[in-house]
Amino acid sequence: MRNFQEVIKFARERGPKTISVACCQDREVLMAVEMARKEEIANAILIGDIEKTREIAKDLGIDLNNYELVDIKDLSEASLKAVELVSQKKADMVMKGLVDTSIILKAVLNKEVGLRTGNVLSHVAVFDVEGYDRLFFITDAAMNLAPDLNTKKQIIENSCVVAHALDIETPKVAAICAKEKVNPKMKDTVEAKELEEMCERGEIKGCLVGGPFALDNAVSLEAAKHKGIDHPVAGKADILLAPDIEAGNILYKSLVFFSKTKNAGVIVGAKAPVILTSRADNEETKLNSIALGVLMAAKA
C-alpha cells in the first residue's frame, strides 16, 4: 500500500474489526469511531461513563444504538475492562479515550487480563508524504526514550509488523543518524552499523536494514548517489528508525506541521494493536490510525 486511500480501501475489504474504547466519554474519539463505522472498517464497544457519552453523542448527532455500551465510570477499571475484552477475543484492538496514556498502558500490561507479550512496546507512525511514491514509517517517536541496541532491534521488528500488515513484504529500514558514516564517538552510528550486520546474519528477519544513514540519503536516491552510497536501502527507505525519542519526535512533528502529509499511529508489541490518538490529531488522522489497527488485526 502506497497511500492512505489504499489503506482505507483494504481496511474496508479486510474489516470490519471491533474496537474496544477505554473511557469513551471523549468527543474526538467518538467522532473517530463513528467515521470508522460509516466507512465500514470497524465497529466499537464503548466502555466508560455512558451518561456523559450520551450527552456528547447527542451533541454530535451520533446514534449510540449502533454501539455496545459498558458503563464503568472509574478510569482504571474502564481501561482494564477495555483490555480484557480484547484478551477475551470480544474485540480486536483497544483505543484510548479520555484517560491518561499511563493508565491505559498499565491496563495493557496487566499480568492477569492484559496484552503483554514480554516484548518492547513502541510507537509506529505512518506518513503519506506528498511527492513520494510510498508510505514512510517513523519509529519510535513516543515510547522509548533512549533505546539500546537490543531495544532498537525490537523496535524494528515492531515496525515490520505494521509494514507487513500493509502488504510491504520486505520493508527497507534505515537507521537514521546525524551522518552516514560510522564515528566511534557517536554511539548511534556504531549501533546503526551493528543493526545492519545483525540483519545480514539473519538476527533481524522480514526486512532489509541499513545504516547509518543521514535522513537525506535514506529517502532521496539523488542524495544517496551524490554521496556515493551504494546500499539497497539508500534513497529507498520505508522505515526510518530514529536514534532516540527526541529525534523521532522532532521528525514526526516536523512532518505534521511543516509539510503536506497524512498520518496515523499505533502502539505495537502487545498481543493486539493499541490506538492512542492525540487531541492535536485531526479526524482524518484518527480514522487512519483505526484503519492501521484493522489491517494489523486482519493480518494476525
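Two strands pair if DSSP finds at least two bridges between them.

**Ground rules.** I am working with a predicted model, where local features need pLDDT of at least 70, side-chain atom pairs count only at pLDDT 80 or more, and totals for chains, interfaces and linings use all residues. Residues are numbered from 1 along each chain as its sequence is written, and side-chain values use heavy atoms, with hydrogens and water left out.

**Entry: the strands at the start.** I took helices (H or I, at least four residues) and strands (E, at least two) as DSSP runs, numbered from the N terminus. I looked up strand S1 (residues 17-22) and found that S1 pairs with S2 in the parallel sense, over six bridges. Thr 18 has Asn 43 in S2 as its bridge partner. On the other pairing I checked, S2 runs parallel to strand S3 (residues 68-71), with four bridges. There, Ile 47 stands opposite Val 70 in S3.

How many residues of S2 are buried? Six of the seven residues in S2 (residues 42-48) are, where buried means under 20% relative accessible area, exposed over 50%, and partly exposed in between (1.4 Å probe, protein chains only).

Entry: I followed the chain from S1 through helix H2 (residues 27-38) to S2 and found a right-handed β-α-β unit. S2, helix H3 (residues 50-60) and S3 make a right-handed unit of this β-α-β kind too. A crossover is right-handed if, with the strands pointing away from the viewer, the path from the first strand over the helix to the second runs clockwise.

**Entry: the UniProt record.** I checked the record: an unreviewed UniProt entry lists "domain: Phosphate acetyl/butaryl transferase" at residues 6-74 and 76-292. Its positions are in the numbering used here, feature names are shortened, and annotations may be inferred rather than shown by experiment. In the model, residues 6-74 are 46% helix and 25% strand, with end C-alpha atoms 38 Å apart. For residues 76-292 I noted 40% helix, 19% strand and end C-alpha atoms 26 Å apart.

**Entry: H6 and H11.** I looked at how helix H6 (residues 149-165) meets helix H11 (residues 283-299): their axes come within 8 Å and cross at roughly 90°. H6 and H11 are therefore roughly perpendicular (65 to 115 degrees) to each other. Axes here are lines fitted to C-alpha atoms, for helices over the stretch in contact, and angles run from 0 to 180 degrees between N-to-C directions. Among the residues that meet, I noted Val 161 and His 164 in H6, and Leu 292 and Met 296 in H11; contact means heavy atoms within 4.5 Å.

**Entry: Thr 151.** Thr 151 is also in H6. Is Thr 151 buried or exposed? Thr 151 counts as buried because its relative accessibility is 15%. Not counting residues up to four places away in sequence, Thr 151 touches Val 120 and Asn 144.

How values were computed:
Parallel < 35°, antiparallel > 145°, perpendicular 65-115°, else oblique.
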